[in-house]
Amino acid sequence: MSPITDPIEIAGRTAPSRVLFGPHETNLARGRVLSDRHVAYYAARAAGGAGVIVTETASVHDSDWPYERAPLAALCGPGWSSTVDACRPHGTLVLAGLGHTGSQGSSAFGQSALWAPSRVPDVASRELPMEMEDDEINALVAGFRDSAALAAESGMDGVEIDAGQYSLLRQFSSGLTNQRGDEYGTDKSRLLREVLGAVRESGGIVGLRLSCDELAPWAGLTPEQAAVLARDLAELVDYLVPVRGSAMSASATRPDLHTEPGFNLDLCRRITEAVEGRTLTALQGSVVDPAQARQALDDGVANLVEMTRAQIAEPELVAKVRAGAQPRPCVLSNQKCRVRDNRNPIVSCIGEPHSGHETEDVADGHDAPRDVLVIGGGPAGLEAARVLALRGHRVELRERTDRLGGMLRLAANVGGRARLGKLADWLESEVHRLGVTVRTGVEVTDVPHDAIVATGSVAGPRNYAVHGGTVVDVVDLLAGAQLPDGPIVVADPVGDFVGVGIAELLASQGKATTIVSQDQVVGTQLALTGDLADANTRLQQAGVTLAKRSLLREVYAGHVVLEDVFTAERRELECAAVVHCGHRLPDTLPGPHRAGDCVAPRTVHEAILEGRRAAMAISAGALV
Amino acid sequence: MSGGRYRYLFSPLRVGPLVVRNRIVFSAHLTNYAQDGLPSEQHAEYYAARAAGGAGLIITEEHSTHVTDWPYEKLIHGFHREVIPGYRRITEAVHAHGTPILAQLNHNGGQASSMYSRLPVWAPSPVPDPMFREVPKAIDAREIAEVVAGYGTVAGHCAEGGFDGVELQCSHSSIVRGFLSPATNKRTDAYGGSLHNRARILLEIIDAVREAIGPERALGVRLCGDELIEGGTTIDEAVEVAKLVEATGKVDYINTSIGVATSTLFMIEASMAIPPGYALFIANAIRDAVRLPVIGVGRIKDPVQAERALAEGHCDLVGVVRGQIADADFVAKARAGHATEIRTCLSCNQECVGRMGLNRWLGCIENPRTGKESVPLPMPGPRPQRVLVVGGGPAGLQAASTAAQRGHHVTLFERNETTGGQVTLAASVPSRAEFLDVVRNLLAECQRYGVDIKTGAEASAELLRSESPDAVVLATGAKPKKPYWAGDLERVVDVRDVLEGRATPDGEVVVLDDLGFHQATSVAELLADRGCSVRITTSGMVVGQDLGVTLDMETFNVRAHAKGIRQHTDEVILGASEVDGRIVLQVLTHTTGVTTERTCDWVVCATHQAPEDELWQELKGAPFPVYRAGDCVTPRRAHAAVIEGHRVGVAL
């Protein structure tokens, strides 16, 4: 039995497991109010065995409105109550995330100056905040106090205070942002202590999310200083979640798959040792593998383990671990679960599209078992086969190549994206476990009228003239095609992880590499996953030449012609081969139930969503 | 008054079954006022304000015709019957002013993503949109019929909701545009190939919509005259399409447009860098070819420009969108002969276009009420109060104007000889002159409402205390602050030092862009024009990154290229020293960690300023309330000054 499934006592209350579902942005709010979608989202994780759930961080004062759907604590009473009602039957402790993002917020919605300890512009927004005076500080502390009281009145088990990445309390604690000359500057943790004291008055659990390494040692909080701070604060909190990062390193707190899981093990161990058992600690930091979580608890790194993204990918994580089953893996792609974006995307998951949509797509009823053929063993076909088999159908899956996983396997060959393969592994093992008949190396030309077609995509058109030279499609490259010696040009009209990853891969092989993008920044689509700045840094460090705001116009043997998108100025670039990373076209095998790239080539999320829908459509048909 | 100065502007016009009382159209534009896919109370109040202000015809933002169409979050889902009560609220509010109102119908086609719909995007061919970059599904004949039927359904909802007709957006973001354009229609069936085939879906939609709305309502078609993309529609084909549309006998007017929203948006909602009336050639060409009334558009900012567009025969009606966002009473003021009182649009695009692109509600840098029409202002407190405003920049002018308009006695002190503050400086550089209108308009309002403006008047704390006012508003602005690394180097200066004439850089100049907006790019252009060799350096990934938000990025880069301005990104200046009369900068490329030296003659810094907050400190404990607005709270952009000035003016 893994210790992660063991109960644990926190300030006299018992959590049914040691797994924390941490506070995170979901965009599920209605206005600034927790919605029924929030409740269903948290309830699914409670039902799945989460020990502690911290609801989406709510602003404790209306001077803070960091994103459009950011909850406002004063409006959260009913939503908190409903969440408790939905989660408590499962024994899960429910805490209210409380915070204020200070200079890392946005003035777009509240249309007032941002609050900050000192007038230091945020690195990302460049907006200059106002320096808080006594009135604002008092209002802030009162906001925390009142919000904690409201949480307690609403039946919550307590609160978790945010002094992590996006937080005014971190900004006060840090020399990066606190340049005050008053007592809040000479004693940088004074405000934090005042806030913790204020929320303690409500009597529930008090957790603290604390940045313990701002990754900016010239003025930021270092692990050494954080250990001292944690020891000083230990008596004021019931548990502590050490995190890392600051505005100087916004992506470091919840990085994507380029960062190894469990990256905070050493940091957390250090804090755990510093607090000497006077408070509990929780390990955060891309912990997605139950084995790693177990090891950390066994090793005494922490008392609890935060597995937020793992439970977005697999709501029944704890229950499955308890039952010895394989949970659906989180691959840390951040493609659908990281939602700090102006478009307000709903939190979801590439592998579990139901996440964030718990109130929609509800499957019920029972099917009369029947024989179903699924054509194509990529993610869409695998998911269709998995769902059909789960619902009791006799499923045969036919795949043209000799391996299941389709484009997901190839995508895992892109530089830095090997973890994607774990999702393919899981889908493959599930269809075998569920008894799907799998036939690889089989081409299907005659489609039965009720088969599911998930045959993927083919290479797409190229928007440049090829007069000679070598152009290799990215899919062929990932499948093993060889490139000639000499400089390589990566044509990337899409701007997502493919072109960037290919350029990184080629550079790591020692090839002189240029990536061509029509945008002013390479990899623009990576803004959503949080990897944009990091990707550009990696590319530059790898020596990749960035041909920005450039169109690839012509390819010749030995060189290509690029054109500036604004000025139409043309230039030549030496080139032995072009790697084409453009959009693809759908495979044209007809069929009544189509899913994934053969409908329109998109990402694995859409493939799995549509594979599941196709399976459900057939199931629904079986009911008639 | 009948608008006698205008021969054409106020002459009524028959548009199909409707008669419009003047030629100014508040044409369709996004607002992001929808909630849960439904039109909101804010929609109704927003349109009603323009109806009350005299607009001849209002055309609402688009109403989506099908579930596969959901490109941005706050789209009105016209295909749900639940929209009808919201439609009625809008149409009743607008009709109360005798103004006809049409609804725009649209399916954005491939110019969308599946982010919200969780459904494949529909388009004529699997050609990914340049912005959304998602491969759409090429729709089959059954799906085409579904799209056509969707237009009919939503047209029916609009008729039921009380609209006087509908307009089909076939222009800059539309599945119909997708079919019309050779760039996105690669089909080989009856809906692709020849122009007639590409226009087939449009003609089918016209049939379906006319069937749904009957003869008593107007039907318009908005066409793109030039997509400004490779292989796209140009004016000759647009004229041919207009003729096909007219030949149906079912359409009452043609509206026009230029550009593709997801590719050449900077030409659709042109900033002040593009001349007014730039798109009238499209209306002109179409009007030459059809007898239907034609609407012309393109940054028409004032009634004189509109009158001229009519007088010169370019069009029969003139679309004025931003002009009426900035001043809902645009038409009424023109009709009353008070055109100079119109709060003219700057075409700065900061709070209208810029907020749209960021999924926020539509506002206006000049009009703090835009976007808040449905939220009534509180009643003024006891009046009149004696209010002293310190500072004549946009914050002070707005506070003074609002306070005076609400019945207070206001005196404004401005230290300089003229009001306008930093806006005056911002507008003094190439291609930014129209920005000056914000303070010109505000000054005129102050004068109209009786604000006593004292220029060249320094207001000390003693003076303010001695006046025993009922309230003081501090809008004292900001002062340049040298970067820490600049030391005492005299040739490291602020943008304001250059624009205010205290420094005249020459030779090789490095402009530091810490602000990501017009400050650095403007001064760079100014200095390049004066013969300097200019580089702009920024720690960000793009020079002038927020120019993209206001659609100034393309035009700036074209000009910068012509002026030889070079751009450097990902750089941080760590230090500076003087060597042989020149400046040597230590420049860190923060992505690679490499530090290099760069020698130049001058460094001009577009960097964060410090607030002028001495009075705020000195007036602590004063026996009267003291408010702050704008940069003296903390230095930001002009919109913050106007919003805070207005907020203070209302709060008094």
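1. A residue is called buried here if 20 or more other C-beta atoms lie within 10 Å of its own, exposed if 12 or fewer do, and partly exposed in between, with C-beta atoms placed from the backbone. The model is predicted, and local features need pLDDT of at least 70, side-chain atom pairs count only at pLDDT 80 or more, and totals for chains, interfaces and linings use all residues. Residues are numbered from 1 along each chain as its sequence is written, while chains are lettered from A and ligands numbered from 1 in the order in which they are written.

2. Helices (H or I, at least four residues) and strands (E, at least two) are DSSP runs, numbered from the N terminus. On that basis chain A has 18 helices and 29 strands. Its C-alpha atoms fill a box of roughly 70 × 65 × 45 Å along the principal axes. The radius of gyration, taken over C-alpha atoms, is judged against a globule rule of 2.2 Å times the number of residues to the power 0.38; for 624 residues a compact globule would come near 25 Å, and the 26 Å of chain A agrees with this. Buried residues account for 59% of the 624 residues in chain A.

3. Two residues are in contact if their C-beta atoms, placed from the backbone, lie within 7 Å. In chain A, 72% of the contacts between residues at least 6 apart in sequence join residues at least 24 apart.

4. Strands are taken to pair if DSSP finds at least two bridges between them. In chain A, five strands in the order S16-S15-S14-S17-S29 form an open sheet with parallel pairing, and its edge strands, S16 (437-440) and S29 (593-594), each pair on one side only. Strand S15 (residues 394-399) of chain A runs parallel to S16(A) and is joined to it by four bridges, with A:Glu399 opposite A:Thr440.

5. In chain B, strand S25 (residues 602-606) has five of its five residues buried, so this strand is largely enclosed by the rest of the structure. Both of its faces are covered, with B:Trp602, B:Val604 and B:Ala606 buried on one side and B:Val603 and B:Cys605 buried on the other. S25(B) pairs in the parallel sense with strand S18 (residues 492-494) of chain B over three bridges, and in the parallel sense with strand S19 (residues 508-513) of chain B over five bridges. B:Val603 is the bridge partner of B:Val492 and also stands opposite B:Val510.

6. A nonpolar core is a set of buried Ala, Val, Leu, Ile, Met, Phe, Trp, Tyr and Cys residues joined through C-beta atoms within 7 Å. The largest one holds 394 residues, of which A:Val305, A:Ile452 and B:Val523 touch the most other members. Leaving aside residues up to four places away in sequence, B:Val523 touches several residues, including B:Val511, B:Val604 and B:Ala606.

7. The contact between the chains takes 35 residues from chain A and 32 residues from chain B. On the side of chain A that touches chain B, helix H17 (532-541), strand S28 (585-586) and helix H18 (604-623) each supply at least two residues, and H17(A) gives the largest share, four residues.

8. B:Pro136 lies in the loop between strand S6 (122-123) and strand S7 (137-138) of chain B, and is buried, with 29 other C-beta atoms within 10 Å. Beyond residues up to four places away in sequence, the residues that B:Pro136 touches include A:Ala600, B:Gly110 and B:Trp122.
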